[in-house]
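Hello,

I am passing a structure on to you today, and my notes on it follow below. Please have the sequence and the 3D view open as you read.

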Amino acid sequence: DQSLKGIAPIGFTRASLMVRMMAFVIDYLLLTLGMIPFLIGQELMDQGIISQVSRYFAPLIMLFPLAAILSEKGGKRTFGRYLLQLRIVDQHGLLLDGRRRMLRSIVRYGPAMLMASSVVFTAFRFQFLSVLIFPLFLMWLLADILPALATSHLALHDRLCGSRNVLDTVS
């Protein structure tokens, strides 16, 4: 029966919009909390409290969204989805293949990548790029989330990949 486990449906009970949004907010809050030390470091560097050498650590901020993308590609759940017992499946209730999971996570965490790159540009004194990135960040985030308010309740990243959020019936 272990060989059939990979093709057995994970779940069919669709998660409510509120539960999915809570998981999304939890995941983005964790990403933002991971980025805060870099933002504080940038401010301290601007005030001359710490050395300009610390700016070379700024690209490490890109690791947070990249880690989220790669963990989802590997089939892992984010902390928000784990906490709220959600799984990502296709329209038949099966786990998504790696390619669709990767596309979904890139679209889902694209705004976080823009936010992180904005910090990197600021660290290297390219504030004009940071200013240009902020509207892109907002547009991407809204373009991804607003379709979830339609009757199908699917965000853009779910529509593109044919994925659904379901309550976990298999732990």
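**Two loop residues**

Gln85 has a relative accessibility of 31%, so this residue counts as partly exposed. Before I go further, please keep in mind that the model is a predicted one. You will find Gln85 in the loop that links α3 (79–83) to β1 (86–90). Gln85 is not a glycine, yet its phi is positive, at about 55°.

With a relative accessible area of 33%, His153 is partly exposed.

**The chain as a whole**

The chain contains 6 helices and 2 strands, and along the sequence they follow the pattern α-α-α-β-α-α-α-β. Of the 171 residues in the chain, 37% are buried. If you take the contacts between residues at least 6 apart in sequence, 77% of them join residues at least 24 apart.

**Helix α4 and its two partners**

How do α4 and α5 lie relative to each other? Helix α4 spans residues 98–123 and helix α5 spans residues 127–145; their axes come within 9 Å and cross at roughly 165°. An angle over 145 degrees counts as roughly antiparallel, and therefore α4 is roughly antiparallel to α5. The crossing in which α4 passes α5 is left-handed.

Sorted by class, the contact of α4 with α5 has 12 nonpolar, 6 polar and 2 charged residues.

The other partner I looked at is helix α2, residues 63–73, which packs against α4 at an angle of about 170°, with the two axes 8 Å apart. That angle makes α2 roughly antiparallel to α4. From α2, the contact is made by Pro65, Leu66, Ala68, Ile69, Leu70, Glu72 and Lys73. From α4, the residues involved include Gly98, Arg101, Met102, Tyr109 and Ala116. The contact of α2 with α4 divides into 11 nonpolar, 2 polar and 5 charged residues.

**Two residues of α5**

Is Ser130 buried or exposed? This residue sits in helix α5, and its relative accessible area is 9%, which means that Ser130 is buried. Apart from its neighbours within four places in sequence, Ser130 is in contact with Ser118, Phe121 and Thr122. A polar atom of the Ser130 side chain lies 2.8 Å from the backbone oxygen of Ser118.

Met139 is found in helix α5 as well. Its relative accessibility is 53%, so Met139 counts as exposed. From C-alpha to C-alpha, Met139 and Pro111 are 8.8 Å apart in space, while 28 residues separate them in sequence.

**Where to begin**

Enjoy looking around, and do write back with any questions.

Best wishes

Definitions and conventions:
Residues are numbered from 1 along each chain as its sequence is written. This is a predicted model: local features need pLDDT of at least 70, side-chain atom pairs count only at pLDDT 80 or more; totals for chains, interfaces and linings use all residues. Side-chain values use heavy atoms; hydrogens and water are left out. Axes are lines fitted to C-alpha atoms, for helices over the stretch in contact, and angles run from 0 to 180 degrees between N-to-C directions. Helices (H or I, at least four residues) and strands (E, at least two) are DSSP runs, numbered from the N terminus. Angles under 35 degrees count as roughly parallel, over 145 as roughly antiparallel, 65 to 115 as roughly perpendicular and the rest as oblique. A crossing is left-handed if the near helix is turned anticlockwise from the far one by less than a right angle, and right-handed if clockwise. Ala, Val, Leu, Ile, Met, Phe, Trp, Tyr, Cys and Pro count as nonpolar, Asp, Glu, Lys and Arg as charged, and the others, Gly among them, as polar. Buried means under 20% relative accessible area, exposed over 50%, partly exposed in between (1.4 Å probe, protein chains only). A polar contact is a pair of N or O atoms within 3.5 Å; within protein, one must be able to donate a hydrogen and the other to accept it, and residues adjacent in sequence count only if both atoms are side-chain atoms. Contact means heavy atoms within 4.5 Å.
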